[in-house]
Amino acid sequence: MSKTIAINAGSSSLKWQLYQMPEEIVLAAGIIERIGLNDAISTVKYDGKKETETLDIPDHTVAVKILLEDLLKHGIIKEYTEITGVGHRVVAGGEIFKESTVIGEKEIQQIEELSALAPLHNPAHVAAIRAFEEVLPDVLNVAVFDTAFHTTMPEHAYLYPIPRKYYKENKVRKYGAHGTSHYYVAHEAAKVLGRPLEELKIITAHIGNGVSITANYHGESMDTSMGFTPLAGPMMGTRSGDIDPAIIPYLVANVPELKDAADVVTMLNKQSGLLGVSEMSSDMRDIEAGLQAKNPDAVLAYNIFIDRIKKFIGQYFAVLNGADAIVFTAGMGENAPLMRNDVIAGLSWFGIELDPEKNVFGNFGDISTPESKVRVLVIPTNEELVIARDVERLKNA
């Protein structure tokens, strides 16, 4: 029995799941947080247990070593040879990577070169890949790209209305993100609806700290809200989403601490969204607590958040010429019934109705009324399982 690790690396974190394949059994899962600090936290969950340690973890290589040592220490594996594949979530594959790919040195360099498309993500992915190559040099490494699912977008959807030479020479276009999540929940939605995916038009709403909406036509991405980078689209936890681009030079000219465009982009990525408007938190749970307390800043942040999501869903009704279902997924999509209710309430013209007894925390599946003309589903995403499946497929190829 082989084992595959699915890895989702952030700039200061390493989220992982260990699968027994091909049975797709989760043997253990965990996360290492605060990488780069001397009080980093490693959490391992297995057999109903949860082990947490605070450690000095200076970089991703050390984090990988700790992860693997934990697997041995807790008896999850007996030796490293049981691990036959490592799958890495990579946000930006550009036009180079249109499907999951076995990683060698050439591919690592290409992923690194694509960091301009996902500056918060791709460098961390490269660090994790190199760390696993150092610690497990003989194990198959596979990159699974967030952008790959969106390579089916038609030209009129992915091109920006700027001089085409910038696409031809500089590859400036919409790439999207969260593709693995959108792919997974669309397939699961077809199972819930009891219909072939090839017959369905589905709007998938991945609403976590990052937010993206996708128009899925017969199993393929026709349009998506994230763009050249994951900064585009609706308002997010710390990201602004879409803004007038003329704001960037205006801020550089008028705000002393914003010295150049890079400073503004950092602000738009890390200090905006729910955090920037509410001036209190990027976490929807805190924002909802502020709603209850009638905090005007929390109310404003929440209202902008709902407004932007509704607008994108409305756009994709037009792109698809109607839809069979809307699917909510990811942290907020799965766990924020109030947010779901308020988004759908603003789309009642389409004949969409939520069942308040089903739209509750912890309930998944169809949460719409029998009379609703469009089904509304809550489906937990499972990007790690998609990653593990692709490792298994390429390992056997």
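How many residues does helix 3 have, and how far does helix 3 reach from its first C-alpha to its last? Helix 3 (residues 122–135) has 14 residues and reaches 20 Å, close to the 20 Å expected at 1.5 Å a residue; the expected span is 1.5 Å times one less than the number of residues. Helices (H or I, at least four residues) and strands (E, at least two) are DSSP runs, numbered from the N terminus.

This is a predicted model, in which local features need pLDDT of at least 70 and side-chain atom pairs count only at pLDDT 80 or more, while totals for chains, interfaces and linings use all residues. Residues are numbered from 1 along each chain as its sequence is written, and side-chain values use heavy atoms, with hydrogens and water left out.

**Helix 3 and its cover**

- Buried means under 20% relative accessible area, exposed over 50%, and partly exposed in between (1.4 Å probe, protein chains only).
- By that rule, the buried residues of helix 3 are N122, A124, H125, V126, A128, I129, A131, F132 and V135.
- An α-helix has 3.6 residues a turn, so residues three or four places apart point the same way.
- The cover over the buried residues of helix 3 includes strand 1 (2–9), strand 2 (13–21) and strand 6 (83–90), along with strand 8 (140–145), helix 1 (60–73) and helix 2 (105–113).

**Nonpolar cores**

- A nonpolar core is a set of buried Ala, Val, Leu, Ile, Met, Phe, Trp, Tyr and Cys residues joined through side-chain atoms within 4.5 Å.
- The largest such core has 56 residues, and F305, I326 and M339 have the most contacts inside it.
- Helix 11 (residues 296–320) gives this core its largest share, 11 residues.
- Contact means heavy atoms within 4.5 Å; setting aside residues up to four places away in sequence, F305 touches I207, V211, M235, M236, L274, M284, M332 and M339.
- A second, separate core has 29 residues, among them L18, A40, I77 and I83.

- In strand 12 (residues 325–329), 5 of the 5 residues are buried.
- Both faces of strand 12 are covered, with A325, V327 and T329 on one side and I326 and F328 on the other.
- Two strands pair if DSSP finds at least two bridges between them; strand 9 (residues 201–207) pairs with strand 12 in the parallel sense over 5 bridges.
- Within that pairing, T204 has V327 of strand 12 as its bridge partner.
- Strand 12 also pairs with strand 14 in the parallel sense, over 4 bridges, and I326 has V376 of strand 14 as its bridge partner.

- V374 lies in the loop between strand 13 (365–366) and strand 14 (375–378), and V374 is buried because its relative accessible area is 4%.
- Leaving aside neighbours within four places in sequence, V374 is in contact with F317, A323, D324, A325, I326, F350, G351, I352 and S368.
- V374 and A323 are 51 residues apart in sequence, yet their C-alpha atoms are 6.7 Å apart in space.
- T369 lies in the loop between strand 13 and strand 14 too; T369 counts as buried at 11% relative accessibility, and beyond neighbours within four places in sequence it is in contact with E353, L354, D355 and R375.
- I287, in helix 10 (residues 284–292), is buried with a relative accessible area of 0%.
- Not counting residues up to four places away in sequence, I287 touches L274, S278, M280, S281, A298 and Y302.

**Aromatic rings and charges**

- Rings of Phe, Tyr and Trp (its six-membered ring) pair if their centres lie within 6.5 Å; planes under 30 degrees apart count as stacked, over 60 as edge-to-face and the rest as tilted.
- A search of the whole structure finds 7 aromatic pairs.
- One of these joins Y175 and F228, whose ring centres are 6.2 Å apart and whose planes meet at 40 degrees, so the pair is tilted.
- Y175 sits in the loop between helix 5 (165–170) and helix 6 (179–193) and F228 in the loop between strand 11 (220–224) and helix 7 (247–254), so the pair ties together parts 53 residues apart in sequence.
- Y175 counts as buried at 5% relative accessibility, whereas F228 counts as partly exposed at 28%.
- W349 and F350 form an edge-to-face pair, 5.4 Å centre to centre with 90 degrees between the planes.
- W349 is exposed, with a relative accessible area of 76%, and F317, W349 and F350 form one aromatic cluster.
- A charge sits over a ring if NZ of Lys or CZ of Arg is within 6 Å of the ring centre and within 35 degrees of the ring normal; R173 lies over the face of Y158, at 3.7 Å from the ring centre.
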